[in-house]
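This report describes how two chains meet.

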Number of protein chains: 2
Amino acid sequence: MTADVSEYDGLLNDLYQLTMAASFFRSGMNEPAVFNVSVRKLPLRRAFIVGAGVESVLQLVEKFHFSRQALDYLSTLKIFDREFLDFLASICFSGEVRAIPEGTFFFAEEPLVEIRAPLIEVLLLETGMLNQLGFASTIASKAARCFIAAAGRRLIDFGFRRAHGVEAGVIAARSSFIAGFHGTSNLLAGEKYGIPVFGTMGHSYIMSHDTELQAFEDFMKTFPQLSTILVDTYDTPHGVENAAAVALKLRESGATLQGIRLDSGDLLELSRRARRILDRHHLGEVAIFASGGLDEFSISDLVKAGAPIDAFGVGTALVTSADAPALDINCKLVEYKGSARIKTSTGKASMPGSKQVFRAFSPSGAFYEDLIGLAEESATTVHREFKSNPAEVRPLLETRMRGGRRTGEHEQLQRARDRFAENLGTIDPRYKVLDRAPAFPVRPTAALNALIISEKLAVEKRQS
Amino acid sequence: MTADVSEYDGLLNDLYQLTMAASFFRSGMNEPAVFNVSVRKLPLRRAFIVGAGVESVLQLVEKFHFSRQALDYLSTLKIFDREFLDFLASICFSGEVRAIPEGTFFFAEEPLVEIRAPLIEVLLLETGMLNQLGFASTIASKAARCFIAAAGRRLIDFGFRRAHGVEAGVIAARSSFIAGFHGTSNLLAGEKYGIPVFGTMGHSYIMSHDTELQAFEDFMKTFPQLSTILVDTYDTPHGVENAAAVALKLRESGATLQGIRLDSGDLLELSRRARRILDRHHLGEVAIFASGGLDEFSISDLVKAGAPIDAFGVGTALVTSADAPALDINCKLVEYKGSARIKTSTGKASMPGSKQVFRAFSPSGAFYEDLIGLAEESATTVHREFKSNPAEVRPLLETRMRGGRRTGEHEQLQRARDRFAENLGTIDPRYKVLDRAPAFPVRPTAALNALIISEKLAVEKRQS
């Protein structure tokens with residue numbers, strides 16, 4: 001299948017990962033290294049990021065290898081010697097992966113994934129991990145915003161045609177399903193992940209028929225229990241009247257019109273008008289479905305204005321995360337050969353050391369503060385560092401691979417979806433807004449802070 | 001390979017394409033239809049769109065089929081009958097494809113692709129065509145803006161890690177190469193399309209070594225003629241001094257430092273400082289490479305300020321087309337069973353009929369005006385409709401498939417790149433600006449206009 005990273009091959013890399021690896025190999029530098037994947041800064045208006053892409057990263061890490069074809073290509077570049085290419089021919093992943101489970105909310109600087117393995121192995125997985133985690137989490141976060149805006153109305157991913165390729169469409173469907181979407185129009189995603197698929201009809205269907213009325217009738221005869229009819233091809237109110245007429249005509253044959261779809265014009269006004277027309281014909285059970293350039297803001301406006309819309313189809317804005325199409329996601333070396341590492345570039349400084357993220361929950365079960373600590377710390381040891389006395393402290397990073405193998409079962413997608421619902425239900429409500437949310441409090445623990453300070457000093461000393 | 005649409009299968013579809021197809025099949029409606037793929041409205045700040053994705057669409061159309069696995073999945077949905085699924089099992093493309101060649105500039109409403117085939121075949125190719133053409137053209141257009149901004153300095157695609165999946169990274173590398181980029185860091189794209197690959201080094205390389213100096217030396221020893229060294233891990237000017245020291249030290253062994261890379265901070269000031277340091281050490285041949293959150297605007301600012309930067313690496317902004325991550329691209333039915341079709345939805349009206357796009361060139365070879373006409377019109381017949389007397393009128397849509405088969409060779413990528421250069425060199429310079437370009441003049445021909453008017457009347461009559 002096109003959108004499958006399981007066919008991953010060592011060429012899923014930027015060239016510099018290979019040149020660095022070649023140089024390390026030449027110098028015999030391949031000791032254990034620890035890298036953290038984290039988001040440096042949340043995009044504008046995002047109060048949290050919804051973690052996604054971990055399952056695809058695990059798959060990618062498991063299958064990591066260099067095919068014959070990849071090695072042949074690399075040798076055509078004439079920059080790598082035979083010894084290094086032979087080394088690549090037998091490389092696979094032998095290390096450990098810890099990750100925050102999919103569907104969990106996380107924040108800037110928190111490691112979504114921590115990977116520990118011989119330096120060259122991690123280096124050659126960096127590009128693929130960032131690519132998969134960054135995009136999947138971008139879309140899950142955008143979908144969460146739509147879900148908050150829809151306030152209980154159903155959402156369907158309609159974005160396949162506007163996604164950045166086939167794989168992007170499939171990942172977007174999966175990520176939005178994690179973040180509360182009801183389903184997708186995307187058949188590949190339906191097949192690959194078992195996500196429920198939904199569809200209505202397109203304008204070309206209507207236009208192929210001589211009249212709209214004839215088109216509606218043909219469609220309802222084909223799908224007597226499964227028809228959502230598009231009413232805006234020529235004139236929307238007239239289209240709703242046509243839909244009502246066909247619904248009434250075919251009712252005696254046992255057909256039931258499921259819904260109508262509005263796809264252009266003033267959706268608030270048209271949905272009200274459509275509802276009145278349908279109700280006048282005693283078609284109260286016919287749902288109103290809206291689409292056409294929607295995003296979290298227009299959905300929120302329609303919901304707040306009381307538009308009688310039962311479900312929304314969201315396309316372009318969702319699958320491209322149009323207002324923030326990427327995360328500032330990075331993979332940083334934090335430990336090499338057992339000693340912590342730090343980068344001090346202007347505006348891009350990193351936090352050294354192998355880590356754990358600790359989350360504080362109130363007695364009512366709400367989470368309100370995170371601490372980024374060292375891996376050797378525990379919920380018990382960091383407990384008193386939280387501002388108020390938490391009822392519970394939970395570590396977020398879980399071990400998913402050890403010695404190059406998975407430590408447990410593949411997680412079911414539904415589990416990630418449930419986790420999203422739990423997170424949304426337990427985060428302090430002031431972060432569930434579309435704009436101007438306060439920053440969620442995240443700090444390093446005292447122990448991590450001490451390491452940051454000592455490493456900064458050590459770097460200054462070593463480099464001077 | 002992951003990012004290969006050649007494994008295309010009928011599930012690259014939104015569900016509604018299949019339900020519509022099932023209804024057409026049931027009604028025996030599968031006469032020849034003509035669909036146009038076009039962009040309704042150019043995104044903000046775009047003066048033109050650079051066509052790309054056509055080769056991948058041709059591949060997708062050629063390989064169009066439903067696999068056993070796809071049919072099995074569709075039957076689990078329990079909405080399609082056996083007869084229809086049997087029909088899908090043997091479907092393939094039997095029609096004609098005309099397209100504007102890759103690398104050509106085009107404008108709103110102009111068909112980038114026109115496809116003519118039995119209705120159901122086209123319907124089932126719509127999602128895939130939009131997905132591939134939309135994204136590839138989005139990135140080619142963004143890359144063109146960077147190319148204009150760079151004013152002759154080299155550009156490298158550095159965006160693989162921030163792209164919307166693996167396939168998106170590969171398409172972005174290909175599209176930006178068409179639009180003048182010098183190469184990419186993306187090895188998959190290098191292997192798949194023969195695009196030149198480039199790379200420097202990452203921060204983790206420096207951080208794995210005890211000192212920056214040691215890291216630089218190790219790297220240059222591995223790649224004596226191919227080292228671009230990253231100097232901002234700790235302190236940029238100090239890093240440049242270290243790079244210079246290593247370059248001078250290894251010079252006698254025959255090594256030549258190619259360049260240094262700046263990746264953070266004030267790139268104008270740092271590039272000037274770096275240039276001074278390098279020149280002071282008589283390292284005038286060492287190039288300065290800049291990266292880090294660049295887009296066409298920051299590149300333009302640096303170039304205009306005279307920053308001594310020789311090449312730019314562009315990542316996130318390029319591969320996501322961050323300011324305009326999608327095109328309003330659509331596939332519209334324009335003819336069915338030999339008669340023209342039109343849609344009159346609010347703000348989304350379509351132009352009926354099979355088409356040709358005619359482009360007028362001045363005596364100096366510049367193009368300055370387009371007409372959208374009917375397929376049966378010719379450069380000769382529409383000539384006098386252009387505002388000033390064109391030296392030449394060229395039709396843009398070329399036949400690429402007929403009777404389900406390609407009419408010519410696969411086009412070499414270099415040809416599309418050359419065509420981009422020709423287009424950029426011959427478009428009126430007032431459209432080569434990053435903002436506030438005037439709208440390029442595009443109108444329907446008199447014949448198309450007459451058809452639009454008569455079809456609008458016919459629709460009103462039929463639907464009332």
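## A helix pair across the contact

In α10(A), the residues A:D218, A:F219 and A:T222 meet B:A22, B:S23, B:R26 and B:S27 of α1(B); contact requires C-beta atoms, placed from the backbone, within 7 Å. Helices are DSSP runs of H or I with at least four residues, numbered from the N terminus. The residues of this contact divide into 2 nonpolar, 3 polar and 2 charged (nonpolar: Ala, Val, Leu, Ile, Met, Phe, Trp, Tyr, Cys and Pro; charged: Asp, Glu, Lys and Arg; polar: the others, Gly among them).

The axes of α10 (residues 212-222) of chain A and α1 (residues 15-27) of chain B come within 9 Å and cross at roughly 100°. Axes are lines fitted to C-alpha atoms over the stretch in contact, with angles from 0 to 180 degrees between N-to-C directions.

## The whole contact

Chain A supplies 89 residues and chain B 88 residues. On the side of chain A that touches chain B, helix α1 (residues 15-27) of chain A gives the most, with 8 residues. That side has 41 nonpolar, 32 polar and 16 charged residues.

The same surface serves both copies, as 99% of the contact residues of chain A recur in chain B.

## Basis

The model is predicted: local features need pLDDT of at least 70, side-chain atom pairs count only at pLDDT 80 or more, and totals for chains, interfaces and linings use all residues. Residues are numbered from 1 along each chain as its sequence is written, while chains are lettered from A and ligands numbered from 1 in the order in which they are written.

How values were computed. Contact = placed C-beta atoms within 7 Å. Helix = DSSP H or I, 4+ residues; strand = E, 2+ residues; numbered from the N terminus.
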